[in-house]
Amino acid sequence: MKDTRNCGSILIVEDNETLLDTFQSLLELEGYHVVATKNGKEALAALETAKRPCLILLDMFMPIMDGWEFLEQLKLKDADLITSLPIVIASAAGEKAESAAKQVRGFIKKPFDLDALLKIVMTFCKKPKKDTNTLLN
Amino acid sequence: MNFLQKNAKAKILVVEDENIVALDIERGLKRLGYEVSAVVSNGKDAIQEVKTKHIDLILMDIQIQGSMDGIQTADEIRKLFNIPVIFLTAYADEATLHRAKIAEPYGYLLKPFEETELHTAIEVVLQKHRSFRNKEILSQEALILSEERFNLFVDSNKEYALYMIDAEGHIISWNAGAERIKGYKPEEIIGKHFSIFYTPEEASAEKSQHELEIAAQRGKFEEENWRTRKDGSKFWASIVITSLKDENSKIKGYGKVIRDLSATKIAEENLRQAIVARDEFMSIASHELRTPLTALKLQLQIAQRINPSEKSLSICLKQVETLSVLMDELLDISRIQSGKLNFTFKKTNLSKLVFNLCHIFEEAFKKENTELICEFQQDIDGIWDSFRIEQVITNLIANALKYAPGKPVKIYVQGNEDNAQLYVQDSGPGIPKEKQKKIFDRFERVGSPSVSGLGLGLYISHQIVEAHGGTIDLKSDLGKGSTFIVTLPRKLKEVNTP
């Protein structure tokens with residue numbers, strides 16, 4: 001089977017700073033490169049400058065620009081972008097979030113396990129640095 | 001005619017074709033103090049007299065000139081006026097008496113008669129007639145009074161708009177309630193066509209005409225809808241139009257009753273908005289709570305990976321799990337309450353679902369030293385919402401472990417062409433009979449208060465199973481354990497979601 005994963009960075013879009021820090025530190029500990037953004041607007045800017053991420057972990061309820069607006073902005077740029085980009089919504093279950101999740105590659109319900117998160121990351125991303133400690137059991 | 005005539009001179013018409021007899025009667029009457037208004041010799045003249053003059057009594061000879069005899073004449077007069085008649089007759093054969101009876105006379109006098117006989121007969125008849133008239137007047141007055149009372153009731157009623165329209169749709173009456181509710185004064189609205197009450201859009205759709213047609217066809221038109229006041233403001237109205245028909249079923253007009261239900265409608269709307277606001281709050285609160293919980297859980301799990309033997313970390317993690325479940329329950333409850341628990345029905349393999357759950361629960365059961373027996377005889381599938389059914393089974397298995405730890409728990413699946421059945425059987429303390437009925441109610445907990453949870457799990461499970469058209473039953477004996485049986489129709493039935 002051909003490995004379609006790339007070594008790009010993981011783009012996190014999450015307004016809760018503690019959670020954002022948690023994601024960043026644990027994924028960096030695992031040897032991934034992380035770009036942390038606090039809302040959709042920052043994430044759009046990051047997508048402009050950074051190279052294509054291997055995964056976008058997207059929260060939905062955020063100030064300034066929420067997840068829905070972020071997806072709309074992507075659609076405006078290019079209608080295919082939201083399906084071609086590796087977007088996984090990380091949100092509390094809710095009708096609105098669940099229906100948005102149908103448009104993208106995946107959905108992970110908060111609160112989720114460390115293992116569940118690492119599995120998703122491994123599905124989409126290759127580790128740029130080898131021999132890093134893995135927290136995955 | 002009224003009571004005052006009692007003392008006035010009675011006016012008497014004499015119908016007698018024998019001149020001498022007529023003259024004799026006339027004199028007699030005058031002597032007795034009566035007024036003779038006329039003496040005529042035939043029926044035609046008699047009818048002419050009663051038409052032109054006021055007459056209190058008729059003395060009618062049966063054998064008279066002309067085409068009509070006295071009986072026929074009395075009959076004709078009776079059709080026109082209510083004037084008492086005394087027949088005068090020289091002979092009384094059975095046939096004549098019978099005919100006379102039909103003419104409903106007040107009395108007879110057989111010729112020849114004495115003046116005193118005449119006097120008595122006249123006084124008796126006049127008295128009889130007066131009392132009859134009095135009764136009639138009284139009952140008419142009673143009718144007028146009751147009509148007045150009714151009109152007063154209708155006119156002064158402010159709660160309901162009550163008005164009448166004629167067969168063509170013109171307003172012919174307008175009560176105080178109509179004035180209050182609609183804002184028009186009687187003088188500005190009576191005579192207008194009732195389509196004036198409808199918006200231009202409704203008028204062009206001929207709504208007013210349509211309503212009358214239904215009322216005419218079915219006797220009644222009813223609806224609850226928005227209506228417009230004179231000032232253009234809207235109110236939520238209950239409307240009943242009743243058709244009024246004459247004895248030949250021809251439409252004479254319509255009665256319209258309108259009640260302003262805006263206050264109720266506004267209260268309902270406020271309630272609906274409050275529910276929407278509550279659901280929104282629940283959704284946001286649930287999200288806001290989950291985000292820090294995610295950070296907490298991840299941090300704890302990272303710490304646990306680094307230091308696996310630290311017992312306090314696993315206790316913290318367990319509590320985080322409990323918090324997640326409670327939040328899910330709260331969110332589900334608010335969805336059930338607002339009818340927003342959505343289902344995605346698709347082909348689901350129940351046996352596989354249960355197998356996976358048995359695997360997931362394996363560790364938890366091991367920790368409690370509880371045996372988990374999962375039996376699969378066959379693959380059973382159906383059209384269900386797999387996520388929600390998984391939720392039901394998870395709840396039942398978790399309950400069995402929670403309330404009957406240390407005793408084996410058995411799970412098995414059965415099925416036929418129509419239904420699938422899931423059994424979750426524990427060997428715990430069992431559930432007392434009086435608790436069994438209430439167990440699927442909200443906030444009902446069977447166990448001791450030390451067992452955590454809001455008591456919503458079985459309520460939610462029950463709602464989910466019912467939304468599938470299925471049932472959830474409990475068989476339990478004290479000391480012998482409990483068995484929960486979920487029965488699901490394999491094909492989707494028409495059911496109302498809770």
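## Overview of chain B

Two residues are in contact when heavy atoms of theirs lie within 4.5 Å. In this predicted model, among contacts in chain B between residues at least 6 apart in sequence, 60% join residues that are at least 24 apart. Chain B is built from 15 helices and 17 strands, and of its 498 residues, 41% count as buried. The accessible surface of chain B amounts to about 27900 Å², and 54% of this surface belongs to carbon and sulfur atoms.

## A five-stranded sheet in chain B

Strands of a sheet pair through backbone hydrogen bonds, and the pairing may be either parallel or antiparallel. In chain B, five strands form an open sheet in the order 7-6-10-9-8, and their pairing is antiparallel. Strand 7 (171–174) and strand 8 (220–228) of chain B stand at the edges of this sheet with a single partner strand each, so one side of each has no neighbour in the sheet. On average, and with direction ignored, neighbouring strands of this sheet are turned by 25° against each other.

Helix 9 of chain B, which covers residues 207–218, packs on the sheet and touches strand 6, strand 8, strand 9 (234–245) and strand 10 of chain B. The direction of helix 9 makes about 160° with that of strand 8 of chain B. Within the sheet, strand 6 (residues 160–166) and strand 10 (residues 251–260) of chain B run antiparallel and are joined by seven bridges. Across this pair, Asp166(B) stands opposite Gly253(B), a residue of strand 10 of chain B.

## A nonpolar patch on the surface

Strand 6 of chain B also holds Met164(B), which, together with Ile172(B) and Leu244(B), forms a nonpolar patch on the surface. The three residues of the patch have about 230 Å² of accessible area together. Met164(B) itself has a relative accessibility of 35% and therefore counts as partly exposed, since that class lies between the buried limit of 20% and the exposed limit of 50%.

## Backbone features in the loops

Most peptide bonds are trans, and most residues other than glycine have a negative phi. Against this background, the peptide bond from Lys110(A) to Pro111(A) is cis, with omega near -5°, and Pro111(A) is found in the loop between strand 5 (106–109) and helix 6 (114–124) of chain A. In chain B, the peptide bond from Lys111(B) to Pro112(B) is cis, with omega near -10°. The loop that holds Pro112(B) runs between strand 5 (107–110) and helix 5 (115–156) of chain B.

Ile64(A), although not a glycine, has a positive phi of about 65°; the residue is found in the loop between strand 3 (55–58) and helix 3 (67–77) of chain A, and with a relative accessible area of 72% it is exposed. Asn369(B), likewise a residue other than glycine, has a positive phi near 55°. Asn369(B) lies in the loop between helix 12 (350–367) and strand 12 (372–375) of chain B, and its relative accessible area of 67% makes it exposed.

## Salt bridges

Side chains of opposite charge can pair when their charged atoms come close. Over all chains, the structure holds 28 salt bridges. One of them joins Glu48(A) to Lys77(A), with the closest N and O atoms 2.2 Å apart. This pair links distant parts of the chain, for Glu48(A) lies in helix 2 (residues 40–49) of chain A and Lys77(A) in helix 3 of chain A, 29 residues apart. Glu48(A) counts as exposed at 55% relative accessibility, whereas Lys77(A), at 47%, counts as partly exposed.

In chain B, the side chains of Arg133(B) and Glu136(B) meet in a salt bridge of 2.5 Å, N to O. Both residues lie in helix 5 of chain B, three residues apart, which is about one turn of the helix; Glu136(B) is partly exposed, with a relative accessible area of 28%. Another salt bridge is formed by Asp477(B) and Lys433(B), whose closest N and O atoms are 3.9 Å apart. Because Asp477(B) lies in strand 16 (residues 471–477) of chain B and Lys433(B) in helix 14 (residues 433–436) of chain B, the pair ties together parts that are 44 residues apart in sequence. Asp477(B) is partly exposed at a relative accessible area of 42%, while Lys433(B) is exposed at 57%. Finally, Lys207(B), Glu211(B), Glu223(B) and Arg227(B) are linked in a network of salt bridges.

Technical notes
Residues numbered from 1 in each chain as written. Chains lettered and ligands numbered in written order. Predicted model: local features only at pLDDT ≥ 70, side-chain atom pairs only at ≥ 80, totals over all residues. Heavy atoms only, no water. Pairing = 2+ DSSP bridges. Helix = DSSP H or I, 4+ residues; strand = E, 2+ residues; numbered from the N terminus. Axes fitted to C-alpha atoms, helices over the stretch in contact; angles between N-to-C directions. Patch = residues over 30% accessible without salt bridge, like charges linked within 9 Å, V, L, I, M, F, W, Y side chains within 5 Å. Areas by Shrake-Rupley, 256 points an atom, 1.4 Å probe, with all protein chains shown as cover. Salt bridge = Lys/Arg side-chain N within 4 Å of Asp/Glu carboxyl O. Buried < 20%, exposed > 50% of the residue type's maximum accessible area, 1.4 Å probe, protein only.
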